[in-house]
Amino acid sequence: MAVEQPLASSAPPPGDQTRIHNIGYRNYDGPRLGRAYARRSLYSQSLRGAYGLGRSVKSKVLPMLLFVVMCVPAAIMVAVAVATKAKDLPVEYTRYAIIMQGVISLYVASQAPQSVSRDLRFKTVPLYFSRPIETADYVRAKYAALASAMFVLTAAPLLVLYIGALLAKLDFADQSKGFAEGLVSVALLSLLFAGIGLVIAAVTPRRGFGIAAVIAVLIISYGAVSTLQAIADAQNNTGAIPWIGLFSPVTLIDGVQTAFLGATSSAPGAVGPGSGQGVVYVLVVLGLIAAAYGLLLRRYKKVGL
């Protein structure tokens, strides 16, 4: 009985095993916008995100609410000044941010982790550095965006006060000078608070931990320094009050504007630093800003590896 044998399949020639498929990819022929464009884009998107723009409605609620809370007291003060025909505003321009420092601290605590923690949590930082953008570009964009957002938050109520003062026909020169001094003060405050907030938030990818840590550093340090200053004032040790103020971001800004911007100190007994001590305050503030930038660079160089 004959058994059928399977036909041996002939192996295809080596050249027939290779196929080239055209799936439509083409080289990019457009302009190469480079690092500067990438840096500007990251800055603008981070600044928009600080107020929830371009994000969900839920993300807009807290920053917009805090913005309104910052401006409403200024609007009330203006209304009172206009109605009573006062000769001056109830609050100095340089004092407003110090009075509202709790709201400012809450804003930093909520938005600093939002700016950097998500990139750390989802490990997208190396993706930024795979494009024509370097560690310094990322840090500068994030730092500048949060500082700009804080400047908008703190300068807007000063603008409300200034416009209201002009409507109330207060002295133009005095109000313009006070408004300019207030802008300088909140600019320093924005840089300092943004740096501190970003450094703390960059330590952990957990947003909740970052929020709690920022609140603890800003608010608890202010409470502790204020308590120590009150004790020094009660013991008639007024010489120690300005030096104690070096250990809190809020009192640092208060000391700088007391020494150089003609502000009234919020320390117990209104004992602020003199011009010599004010130089120390300025150096400490600038040193903290530079240190925050340096720490952020070191942190993201490690993350981007």
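Modeller: Helices (H or I, at least four residues) and strands (E, at least two) are DSSP runs, numbered from the N terminus. By this numbering, Ser-115 is found in helix α4. The model is predicted: local features need pLDDT of at least 70, side-chain atom pairs count only at pLDDT 80 or more, and totals for chains, interfaces and linings use all residues. Residues are numbered from 1 along each chain as its sequence is written, and side-chain values use heavy atoms, with hydrogens and water left out.

Biologist: Why does Ser-115 count as buried?

Modeller: Buried means under 20% relative accessible area, exposed over 50%, and partly exposed in between (1.4 Å probe, protein chains only). Ser-115 has 10% relative accessibility, so the residue counts as buried.

Biologist: What does Ser-115 touch, not counting residues up to four places away in sequence?

Modeller: Contact means heavy atoms within 4.5 Å. Ser-115 touches Lys-142 and Leu-198.

Biologist: How many aromatic pairs does a search of the whole structure find?

Modeller: The search finds five aromatic pairs.

Biologist: Why is the pair of Tyr-51 and Tyr-107 called tilted?

Modeller: Rings of Phe, Tyr and Trp (its six-membered ring) pair if their centres lie within 6.5 Å; planes under 30 degrees apart count as stacked, over 60 as edge-to-face and the rest as tilted. The ring centres of Tyr-51 and Tyr-107 are 5.6 Å apart and the planes lie at 35°, so the pair is tilted. This pair links distant parts of the chain, 56 residues apart: Tyr-51 is in the loop between α1 (34-49) and α2 (57-84), and Tyr-107 is in helix α4 (residues 101-121). Tyr-51 counts as buried because its relative accessibility is 8%, and Tyr-107 counts as buried because its value is 0%.

Biologist: What makes the pair of Tyr-162 and Phe-179 stacked?

Modeller: The centres of these rings are 4.6 Å apart and their planes are at 10°, so the pair of Tyr-162 and Phe-179 is stacked. Tyr-162 belongs to helix α6 (residues 135-167) and Phe-179 to helix α7 (residues 172-201), 17 residues apart. With 14% relative accessibility, Tyr-162 counts as buried; Phe-179 is buried, with a relative accessible area of 14%.

Biologist: Which residues do ring pairs link into a cluster?

Modeller: Ring pairs join Tyr-51, Phe-67 and Tyr-107 into a cluster.

Biologist: Which residues touch the most other members of the largest nonpolar core?

Modeller: A nonpolar core is a set of buried Ala, Val, Leu, Ile, Met, Phe, Trp, Tyr and Cys residues joined through side-chain atoms within 4.5 Å. In the largest nonpolar core, of 70 residues, Leu-161, Phe-193 and Tyr-300 touch the most other members. Helix α6 gives the most to this core, with 15 residues. A second, separate core of five residues includes Val-225, Ala-232, Ile-241 and Ile-244.

Biologist: Which residues is Phe-193 in contact with, leaving aside its neighbours within four places in sequence?

Modeller: The contacts of Phe-193 are Ile-104, Ser-105, Val-108, Met-150, Leu-218, Pro-249 and Val-250.

Biologist: Where is Gln-277 found?

Modeller: Gln-277 is found in helix α11 (residues 275-303). Gln-277 and Pro-242 are 35 residues apart in sequence and 7.6 Å apart in space, C-alpha to C-alpha. Not counting residues up to four places away in sequence, Gln-277 touches Pro-242, Trp-243 and Gly-272.
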